Amino acid sequence: MVSENYTHLLMDAAVRYNLSAFSTAASPNVSHEDDQQTEMIVSTIVAIFFGLIGITGLLGNALVVLVVLSNPQMRSTTNLLIINLAIADLLFVVFCIPFTATDYVLPSWPYGELWCKIVQYLIVVTAHASIYTLVLMSLDRFLAVVHPIASMVIRTEKNTVLAITILWVLIITTGLPVSFAHGINVLLF
């Protein structure tokens, strides 16, 4: 995020050294039309990739949740953690990918200040939920392999649900400062 004073300093430096916002050192003779065409190609490629990632992530994670929840025989500590990971990834796919793609494609954020804060917050929350669910899965597998008999008392569905709940509460609360740190800044070039 760039402050208004910093923007004026950049503009003054650009005028002083005859720099254009679109020129590069590698290709100083690139026209504005070429820059626009390159931006349009990059925007299209970004949109396609984000779309593919979003559709694949949505279908794959939704199938994981449906298969494990629909089959009661699959309810184990590991599968509960897998469902949690799939839910975190689904939240990321639904609430983060479309808006991040839009941010890359459009020249400015069209959704307003509040949604900017929410999206940035959800990016952090869902990423941390995925990461720490993988940590819990690693701990679960460690206990199952290294201490298979002794860990049976600890590795219960009830304890797994409790660990997942504590995980989400911690992530949701510790991620709150992210929403206060983000906002929309307008660059004046």
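Predicted model: local features only at pLDDT ≥ 70, side-chain atom pairs only at ≥ 80, totals over all residues.

Biologist: Which residues of H6 are the buried ones?

Modeller: They are Thr160, Ile164, Leu167, Trp168 and Ile171. Looking down the axis of H6, you find them within an arc of 95 degrees, so they line one face of the helix. On the face turned away from that buried side sit the exposed residues Lys158 and Thr174.

Biologist: And H3, what do its buried residues pack against?

Modeller: H2, helix H4 (97–105), H5 and H6. The buried residues of H3 include Leu80, Leu81, Ile83, Leu85 and Val93.

Biologist: How do you know that the span of H3 agrees with what a helix should give?

Modeller: H3 has 19 residues, and at 1.5 Å a residue they should span 27 Å; the end C-alpha atoms of H3 are 27 Å apart, so the two agree. H6, with 18 residues, reaches 26 Å, close to the 26 Å expected.

Biologist: Why is Ile41 called partly exposed?

Modeller: Its relative accessible area is 46%. Buried would be under 20% and exposed over 50%, so a value in between counts as partly exposed. Ile41 lies in helix H2 (residues 32–70).

Biologist: Which residues form the nonpolar patch on the surface?

Modeller: Ile41, Ile45, Ile48, Phe49, Leu52 and Ile53, with about 590 Å² of accessible area together.

Methods. Residues numbered from 1 in each chain as written. Heavy atoms only, no water. Helix = DSSP H or I, 4+ residues; strand = E, 2+ residues; numbered from the N terminus. Expected span 1.5 Å × (residues − 1). Buried < 20%, exposed > 50% of the residue type's maximum accessible area, 1.4 Å probe, protein only. Arc of directions from axis to C-beta. Patch = residues over 30% accessible without salt bridge, like charges linked within 9 Å, V, L, I, M, F, W, Y side chains within 5 Å. Areas by Shrake-Rupley, 256 points an atom, 1.4 Å probe, with all protein chains shown as cover. Salt bridge = Lys/Arg side-chain N within 4 Å of Asp/Glu carboxyl O. Contact = heavy atoms within 4.5 Å.
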